[in-house]
Amino acid sequence: MVKTFTFEFRIFIKKMTIPEAQTLPKADLRMPQIAELEKTCSQVRRDIVRMVHAVNSGHPGGSLGCTEFLTALYFSVMKHEPKKFSIDGIGEDLFFLSNGHISPVFYSVLARSGYFDVKELATFRKLNSRLQGHPTTHEGLPGVRVASGSLGQGMSVAIGAALAKKLNKDSCLVYSLHGDGELQEGQIWEAAMYAAANKVDNIISTVDVNGQQIDGSTDQVLPMGDLTAKWTAFGWDVLTMNGNDMNDVIKTIKTAQTHTGKGRPVMILMKTGMGHGVDFMMGSHKWHGVAPNDEQLAKALAQLPETLGDY
Ligand SMILES: [Mg+2]
């Protein structure tokens, strides 16, 4: 009886401790690292509202909501080489932004992590700029590997890149980000079926579940029901996280990494608040694609400390 208990206890301890140790190295949760990432988020949010205000055009809502996620990817999670950008990205983790309209957060994080000079953020949405409203590849902006903005296509591209990595025996991962409104596109579900059927298990896709899209709440426009049940039914390994809590973002992505290589594509359903970080922009679809005026910009910047220096 005692032997059995000891044996079972050992098994229990193993079950309790090994996944934790594998999925979350303690160093990743040290407060200084989280605090540094949060400081970077404040600067990225300043960049977003300043860029959109400067040209009275662009999409601040989703950009602000996805700031923690993109900052975590580019400053902590991904293996990537900003100074040696190549379109193929062999030996690097790749990221594909499918909801391309949130380009302000993408451009800010690319610049701040070293892909190009932060001064170029001042050219956002201007004629002949490399920083167009929706990212494209023909401008040659380092960090951009796909034209996006026509919703629904990015997952197919990311799956293709993930398959290429498998063919090339490249063990790095592919990440993609999608809006929840984007899930109303049929191509998403074709891609989802394909990835599961073909065991594309080196991809981690994330959906920004902010419950909003351009014309209103997703429930008003076209309700999608239980997203966890849907993605699970389509053969994906589904995780959830609070996308505006840096600690949870880092922890969940690290966990997602340990779920790769097991025969199933990985999905993170990321709950965020549209406009997060600027009080009067939060919780509504109204700031999906509207620029702040001078007064609103000042009010927003007062809530976002300058941490890395404005461009
Ligand atoms: Mg949305």
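A: Start with a helix pair. The axes of H6 and H7 come within 8 Å and cross at roughly 25 degrees. Axes are lines fitted to C-alpha atoms, for helices over the stretch in contact, and angles run from 0 to 180 degrees between N-to-C directions. This is a predicted model: local features need pLDDT of at least 70, side-chain atom pairs count only at pLDDT 80 or more, and totals for chains, interfaces and linings use all residues. Residues are numbered from 1 along each chain as its sequence is written.

Q: Is H6 roughly parallel or roughly antiparallel to H7?

A: Angles under 35 degrees count as roughly parallel, over 145 as roughly antiparallel, 65 to 115 as roughly perpendicular and the rest as oblique. The crossing angle therefore makes H6 roughly parallel to H7.

Q: Which residues make the contact?

A: Two residues are in contact if their C-beta atoms, placed from the backbone, lie within 7 Å. H6 brings Met155, Ser156 and Ile159; H7 brings Gln187, Ile188, Ala191, Tyr194 and Ala195.

Q: Which residues of H6 are buried?

A: A residue is buried if 20 or more other C-beta atoms lie within 10 Å of its own, exposed if 12 or fewer, and partly exposed in between. In H6, Gly154, Met155, Ala158, Ile159, Ala161, Ala162 and Lys165 are buried. They cover an arc of only 160 degrees around the axis, so they sit on the same side of H6. The arc is that of the directions from the helix axis to the C-beta atoms.

Q: What covers them?

A: The cover includes strands S1 (94-97), S2 (174-179) and S3 (203-209), and helix H7 (186-197).

Technical notes: Helices (H or I, at least four residues) and strands (E, at least two) are DSSP runs, numbered from the N terminus.
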